[in-house]
Each structure stands twice: as C-alpha cells, then as structure tokens.
Amino acid sequence: MIKEILNEKMVVKHLDNGLDLILVPKKGAIKKYAVYATHFGSINNKFVVPGTSDIVEVPDGVAHFLEHKLFEEEDGVNALDKLSKLGANANAYTSFNHTAYLFEGTENFEKCLDVLINFVQKPY
C-alpha cells in the first residue's frame, strides 16, 4: 500500500452523511491542503435522483459546467475570490470519473475549509 511505501500516517473516517474523510498529518508542515471530491465526472451523464426511481440523462459536459457554476454564490461573490482573500490558492478540476475542489494555504485553514464545504454542499 502506498502509505507504507511513503511512510505516511493516514486516518480514514467514514462519516454518517456518506463522505469519507481522509487526513494525512505531516509533522513540521506549514502549508495545508484540502480536497473535496465527488464521484461525478465527464462520463457520468445518467443518474437516479435520490427518492425516485427515474433515470435522468444530462448532456455531456454537465460535470465540467457544474464545476465552474458551483463557485457562484448567492451573495454574488465568487467562492474562489473568498478563498483568495483568506490567503488560499484554490482550484477545481473534472476528470472522467470525478470532480474535485481544492485549496492550499498557510493561514486561515479552518475559515477556508468552511468556505469550501459550504459552496460544495449548498450550491446556489
């Protein structure tokens, strides 16, 4: 396993809401990273809405479109701008099978994590 090869400690917790939380503490590290990823990528264009049995089909490219739209917030301020003002370098990407939102920084980690969780979990 990769963590043994790299001699890394990894803490994995499966949360009640279905998310997996993975922490990799690094002694002496100053910069912190956070990634929030979902299993929704460019190949995912059919799904069942929770609570129904209907299959919904969306056009190709929806995952990448949503990646960009998710940064928009109700107050009109882009979440990337909020993270930047807190000192974080933020980005996102969509691959074939997942979409990820991430940031790195040396300060205001908890505030940045709050911004990240809120705009991903509560899209405008």
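Contact here means heavy atoms within 4.5 Å. This is a predicted model: local features need pLDDT of at least 70, side-chain atom pairs count only at pLDDT 80 or more, and totals for chains, interfaces and linings use all residues. Residues are numbered from 1 along each chain as its sequence is written, and side-chain values use heavy atoms, leaving out hydrogens and water.

**Glu73.** Leaving aside residues up to four places away in sequence, Glu73 touches Ala79, Lys82, Phe119 and Tyr124. Glu73 sits in the loop between helix 2 (62-69) and helix 3 (79-85). Helices (H or I, at least four residues) and strands (E, at least two) are DSSP runs, numbered from the N terminus. Glu73 has a relative accessible area of 15%. Glu73 therefore counts as buried, a term for under 20% relative accessible area (1.4 Å probe, protein chains only).

Three strands form an open sheet in the order 3-7-6, with antiparallel pairing. Strand 3 (32-38) and strand 6 (89-94) are at the edges; each has a single partner strand, so one side of each lacks a neighbour in the sheet. From one strand to the next, the twist averages 15°. Strands pair if DSSP finds at least two bridges between them. Strand 3 and strand 7 (residues 99-105) pair over seven bridges, in the antiparallel sense. Ala34 has Phe103 of strand 7 as its bridge partner.

Angles run from 0 to 180 degrees between N-to-C directions, with axes fitted to C-alpha atoms, for helices over the stretch in contact.

| Helix | Strands touched or crossed | Angle |
|---|---|---|
| Helix 2 | strand 6 and strand 7 | about 165° with strand 6 |

Methods: Buried < 20%, exposed > 50% of the residue type's maximum accessible area, 1.4 Å probe, protein only.
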